[in-house]
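I opened the model to look up ring contacts, pockets and salt bridges. My notes follow in that order.

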Amino acid sequence: MSFRKDFLWGGATAANQLEGGYDEDGRGLANVDVAPVGEDRHAIISGDKKHLDFDGEHFYPAKKAIDHYHRYKEDIALFAEMGFKTYRLSIGWTRIFPKGDEKEPNEAGLKFYEDLFKECKKHGIEPLVTITHFDCPMHLIKEYGGWRNRKMVDFYANLTRTLFTRYKGLVKYWLTFNEINIILHAPFMGAGIVFEEGENKKQVLYQAAHHELVSSAMATKIAREVDPNIQIGCMLAAGKTYPNSPRPADVLAAQQADRQNYFFIDVQSRGEYPAYALKELEREGVEIPFKEGDKELLKEYTVDFISFSYYSSRVAAANPENQDETSGNIFSSVKNPYLEASEWGWQIDPLGLRITMNDIYDRYQKPLFIVENGLGAIDTPDASGYVEDDYRIDYLSSHIAAMKEAVELDGVDLMGYTSWGCIDLVSAGTGEMKKRYGYIYVDRDNYGNGTLERTPKKSFYWYKKVIETNGEDLSNN
Ligand code: BG6
């Protein structure tokens with residue numbers, strides 16, 4: 001048995017990284033809009049530098065991004081040409097509720113996504129929708145402090161009820177929070193958090209995390225009420241952590257690093273705070289702001305499936321200060337001498353995907369969905385705009401082969417695969433355009449120059465064949 005007959009092949013994007021149209025049709029300002037390209041980005045997205053509006057010194061790539069807001073029909077037609085069965089996208093919260101705390105939604109925003117979903121359906125593409133992918137209304141940050149505030153649970157509940165009701169019958173698969181564990185590493189981008197001088201960061205982070213976890217369960221409850229056909233997934237920035245050596249202290253460090261990430265999914269999938277987290281948070285003096293009814297809600301409304309991103313494995317050491325580091329998805333890791341790395345230092349480990357899938361499946365015993373995977377690379381188009389991206393094909397084919405082994409040899413139940421950035425878009429980590437993941441080249445540079453013209457790359461035709469053969473033919477010819 002290889003991939004399911006109804007395997008959901010496709011690609012993934014996020015609203016703020018491709019839509020643009022940041023102030024059109026009533027859309028409000030969000031945290032992700034004010035994250036510039038360049039060296040200040042890191043301090044801003046991690047909440048260490050307060051930056052809540054545009055200034056004249058920076059370039060803000062999300063304002064226009066790749067103008068998908070006006071070109072979505074053309075883009076979806078290209079996805080359909082590749083044979084996509086699904087398209088993962090996210091909702092721009094401030095299109096629906098421009099400030100975030102309104103009672104009534106913005107009809108123009110709702111209509112935009114309705115049209116987009118209908119366009120997908122027209123091509124036989126099933127939408128897979130992330131409710132929040134790194135976006136938080138700026139008004140909620142300024143007035144309430146973002147996810148540190150319990151009121152966010154109500155605002156998010158209003159958002160989800162609005163979405164589930166309006167798109168009933170159009171959208172079946174929903175993810176509550178993109179890479180929920182990234183809140184620990186990019187708190188402003190992940191949860192609209194800006195730290196105050198001298199406050200206990202860990203308290204703020206786990207308080208905000210609790211609010212997101214309660215909101216995720218609440219969304220599941222609302223979904224069950226509105227439309228029992230809806231399937232809710234959680235979303236983890238995954239990647240197995242290896243010990244730096246067989247020394248027991250390194251093995252323990254690797255286990256602890258994995259648990260820091262699994263903590264979120266343990267709550268979302270098993271329905272309760274794991275003992276290791278309760279102990280650690282207690283030791284650190286962190287108070288989890290449980291309210292009456294939270295425990296029951298978390299226990300009853302767990303997710304239907306586990307989705308995750310995988311770009312790389314990681315390495316942990318008991319004494320990391322003496323080790324070489326390498327960068328990875330938002331946070332860095334000890335370098336693994338057995339692996340090659342991308343131009344951005346992300347280490348390439350297809351077998352790590354099989355290992356990660358097995359770890360997650362063993363832990364939760366629920367269907368898995370790989371909703372991000374891919375290679376961020378510099379593409380050089382020829383005179384006609386065509387990119388021969390064999391390096392991307394190599395990366396993707398080796399990862400799909402590993403994922404196939406997890407299914408065929410290990411029996412992991414996998415629902416689908418949506419590779420990241422199926423069309424070139426703005427990088428979340430760096431704000432660059434030149435870090436490209438797509439099957440479709442978009443003519444735009446880091447500072448907004450270019451025609452925005454779309455051109456299929458070599459990988460476009462390769463992926464089309466992969467989908468046509470349900471993953472049987474991964475060859476590059
Ligand atoms: C994940 C995010 O962290 O990785 C995406 O969910 C992001 O939003 C992707 O774009 C790749 O990271 P980057 O920094 O290369 O864009």
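**Aromatic pairs.** I searched the whole structure and got 35 aromatic pairs. The rule takes rings of Phe, Tyr and Trp (its six-membered ring) with centres within 6.5 Å, and calls planes under 30 degrees apart stacked, over 60 edge-to-face and the rest tilted. I looked at Trp9 and Tyr417, which are edge-to-face at 6.1 Å centre to centre, with 70 degrees between the planes. Trp9 is in strand S1 (residues 8-12) and Tyr417 in strand S14 (residues 414-420), 408 residues apart. Helices (H or I, at least four residues) and strands (E, at least two) are DSSP runs, numbered from the N terminus. Trp9 is buried at 0% relative accessible area, and Tyr417 is buried at 0%. Here buried is under 20% relative accessible area, exposed over 50% and partly exposed in between (1.4 Å probe, protein chains only).

This is a predicted model, where local features need pLDDT of at least 70 and side-chain atom pairs count only at pLDDT 80 or more, while totals for chains, interfaces and linings use all residues. Residues are numbered from 1 along each chain as its sequence is written, and side-chain values use heavy atoms, with hydrogens and water left out.

I then took Phe59 and Tyr447, a tilted pair with 5.9 Å between centres and 55 degrees between planes. Phe59 lies in the loop between helix H2 (41-45) and helix H3 (68-82) and Tyr447 in the loop between strand S15 (440-442) and strand S16 (454-456), so the pair ties together parts 388 residues apart in sequence. Phe59 is partly exposed at 25%; Tyr447 is exposed at 51%.

I also noted one aromatic cluster, with Trp9, Tyr417 and Trp462 among its members.

**Charges over rings.** The charged end of Lys63 sits over the ring of Phe54, 4.1 Å from its centre. Lys201 does likewise over Phe195, at 4.8 Å. The test is NZ of Lys or CZ of Arg within 6 Å of the ring centre and within 35 degrees of the ring normal.

**Pockets.** Which residues lie nearest the centre of the largest pocket? I found Ile330, Trp346, Ala428, Gly429 and Thr430, out of 29 lining residues. The pocket holds about 440 Å³, and H2 gives the most to its lining, with 3 residues.

The second largest pocket holds about 290 Å³. Its lining has 14 residues, with Gln256, Arg259, Gln260, Tyr276 and Glu280 closest to the centre. H10 gives the most to this lining, with 7 residues.

A pocket is an open set of points on a 1 Å grid over the protein atoms alone, where a 1.4 Å probe fits, with protein on both sides within 12 Å along at least five of seven lines; lining residues have an atom within 4 Å of a point. Points are joined across faces, edges and corners, and a volume is the space filled by probe spheres set on them.

**Salt bridges.** I counted 39 salt bridges (a side-chain nitrogen of Lys or Arg within 4 Å of a carboxyl oxygen of Asp or Glu). Arg166 and Glu114 form one, with the closest N and O atoms 2.8 Å apart. Arg166 is in helix H7 (residues 151-166) and Glu114 in helix H5 (residues 107-122), 52 residues apart. Arg166 is partly exposed at 27%, whereas Glu114 is buried at 15%.

Arg392 bridges to Asp379 at 3.3 Å, closest N to O, and both are buried. They belong to a salt-bridge network that also includes Asp389 and Lys457.
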